[in-house]
Amino acid sequence: MCSHESSFQPAQFLLLVGVLVASALLLVQCLRWHCPRWPLRVRWKLETHEETEFEPTPLPEDESPRQCPPATLSEMAAFYQELHTPTQGQTVIRQLMHKLLVFSARVVDHRGGCLMLQDAGISLLIPPGAVAVGRQERVSLILVWDLSDGPSLSRAQALVSPVVACGPHGASFLKPCTLTFKHCAQQPSHARAYSSNTNLLDAKAWEPLRQSGVHTSLDECRINLSHFSLYTCVLEAPAGHEARKWLQLAMFCSPLAPGQTHLQLRVYFLNNTPCALQWALTNEQPHGGRLRGPCQLFDFTGARGDQCLKLKYISEGWENVDDSSCQVVPHLHIWHGKCPFRSFCFRRKAANENEDCSALTNEIIITMHTFQDGLETKYMEILRFQASEEDSWAAPSPVSQPPPCNRLPPQLFEQLQMLLEPSSITGNDWRRLASHLGLCAMKIRFLSCQRSPAAAVLELFEEQNGSLQELHYLVTHMERLDCASVIQSYLNGTQGGSPAPVRGGAWENQGLELELDEKL
């Protein structure tokens with residue numbers, strides 16, 4: 001009997017250990033299910049406290065996004081109430097119910113109104129007469145930065161625009177509203193608008209929209225809305241055609257401080273849309289990362305392999321800490337718009353006893369090549385990076401600020417931007433106004449690469465200290481009576497009254513207010 005008990009005890013011990021291990025694994029899995037979108041992980045190098053190392057956390061292409069536990073009625077009510085609370089013209093970035101959202105909300109009446117998300121290239125226009133006289137409606141415009149809310153895509157499909165929600169869900173108006181956002185498809189005819197007729201917190205059911213109410217230009221998608229819901233744009237190339245989209249390559253790093261031993265450089269592979277770059281800027285902000293230089297365009301094709309980032313040159317006095325000089329990004333992480341990045345970490349070399357490397361290591365110069373696997377000899381882009389301890393990361397001093405200029409009222413600026421931004425076949429849009437302001441064809445082409453060419457042209461008019469009467473004359477001469485009408489309405493509403501508030505500019509920095517010259 002004793003021998004039987006002693007032979008059975010090891011089995012009991014193994015069973016007990018197995019139960020403990022299984023319980024621990026189950027606890028970890030439950031924690032992961034509770035919050036599917038974990039924050040960006042930061043790993044510290046043991047040999048230095050100067051720099052953090054980022055680890056990309058994109059969803060694998062074969063992994064479906066996990067669902068959060070069902071929200072309570074009170075949580076959902078608070079969620080939608082915050083989204084639909086007027087933001088006084090401001091664009092708000094906030095994490096609500098495990099979703100990172102960018103939104104703006106306002107109250108509109110029979111006169112209509114416009115909502116715009118700052119630096120995102122997204123706007124919603126409610127035309128006059130869309131709301132019945134005597135009624136007021138709260139409307140919201142939401143950019144969804146939760147990747148799990150996008151449509152499920154095949155290998156042939158690509159995400160080429162943000163996911164945008166108009167709220168409240170299901171709201172309808174007497175006249176169609178117009179939603180506008182940017183896309184990065186190389187062929188506009190290959191970009192197809194999708195809609196999910198669901199609430200933001202519900203499981204999504206994406207379906208293609210009928211083309212009758214959708215207009216896709218070179219880099220923009222405009223949708224006439226009969227009711228509010230979720231919208232995005234998917235690249236679907238016809239059979240026999242190669243699907244391609246434009247990427248923007250953005251490089252980030254922290255400032256190079258004196259005595260800093262390590263420096264990490266991160267390269268993001270983003271859709272060429274303003275909101276994708278804003279996501280990267282927001283993602284880098286808590287960690288002190290700054291955008292280094294302008295973004296670089298890349299022609300990305302869906303029929304090729306993974307994206308390679310190869311380190312080609314490091315300036316003297318620095319060395320690569322990573323095991324490899326080549327980083328690889330899975331093709332579908334870029335094709336499906338997951339905003340991945342790759343990084344290199346560099347370390348100052350230790351100086352020999354008879355060698356002074358201080359003059360060599362106070363700056364770093366890096367050259368990298370990026371290309372799709374199998375296309376290195378046919379097409380690649382060269383990325384160059386340079387940073388030095390003398391680089392100034394602070395805002396320019398007041399002495400170097402541009403001279404003060406007139407500022408258009410914010411609401412009028414937004415209305416004109418909305419009217420002039422859409423491309424016209426005849427060119428009677430922001431390009432015609434830029435031509436009247438004296439810009440040559442080369443500068444107009446340069447402006448077309450800006451996030452909002454119409455806003456850039458209006459800011460140029462402000463810098464020329466033009467009056468509202470002069471702007472009214474220009475748009476009338478252009479036969480843009482819609483623009484002339486909103487300017488005239490503003491002038492009629494401010495004659496004899498106090499000056500309207502102006503947009504922030506150089507005067508604001510000096511604590512002054514500049515009144516627009518409205519003399520006839």
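Biologist: Among contacts in the protein with a separation of 6 or more, what share comes from residues 24 or more positions apart?
Modeller: This is a predicted model, where local features need pLDDT of at least 70, side-chain atom pairs count only at pLDDT 80 or more, and totals for chains, interfaces and linings use all residues. Residues are numbered from 1 along each chain as its sequence is written, and side-chain values use heavy atoms, with hydrogens and water left out. A contact means heavy atoms within 4.5 Å. For residues 24 or more positions apart, the share is 71%.

Biologist: How many helices and strands are there in the protein?
Modeller: Both are DSSP runs numbered from the N terminus: helices (H or I) have at least four residues, strands (E) at least two. The count is twelve helices and 25 strands.

Biologist: What percentage of the 520 residues is buried?
Modeller: Buried means under 20% relative accessible area, exposed means over 50%, and partly exposed lies in between (1.4 Å probe, protein chains only). Of the 520 residues, the buried part is 44%.

Biologist: Which residue in E10 stands opposite Leu124?
Modeller: E6 (residues 122-126) and E10 (residues 172-182) run antiparallel and are joined by three bridges. Opposite Leu124 stands Leu179.

Biologist: Which residues touch the most other members of the largest nonpolar core?
Modeller: A nonpolar core is a set of buried Ala, Val, Leu, Ile, Met, Phe, Trp, Tyr and Cys residues joined through side-chain atoms within 4.5 Å. The largest has 74 residues. Its members with the most touches are Leu124, Leu179 and Met368.

Biologist: How many residues are in the second, separate core?
Modeller: Its members include Ala434, Leu439, Ile487 and Leu491. The size is 28 residues.

Biologist: Is Pro168 buried, partly exposed or exposed?
Modeller: Pro168 lies in the loop between E9 (163-167) and E10. It touches His84, Arg138, Val139 and Phe228, leaving out residues up to four places away in sequence. Its relative accessible area is 28%, so Pro168 is partly exposed.

Biologist: What distance separates the C-alpha atoms of Pro168 and Leu200?
Modeller: Along the chain, the two are 32 residues apart. Their C-alpha atoms are separated by 9.7 Å.

Biologist: Which residue with positive phi follows H10?
Modeller: H10 spans residues 468-477, and its buried residues are Leu468, Gln469, Leu471, Leu474 and Val475. The residue after the helix has a phi near 65°. That residue is Glu479.

Biologist: Which residue in E22 is the bridge partner of Cys308?
Modeller: E20 (residues 307-314) and E22 pair in the antiparallel sense over four bridges. The partner of Cys308 is Val328.

Key:
Pairing = 2+ DSSP bridges.
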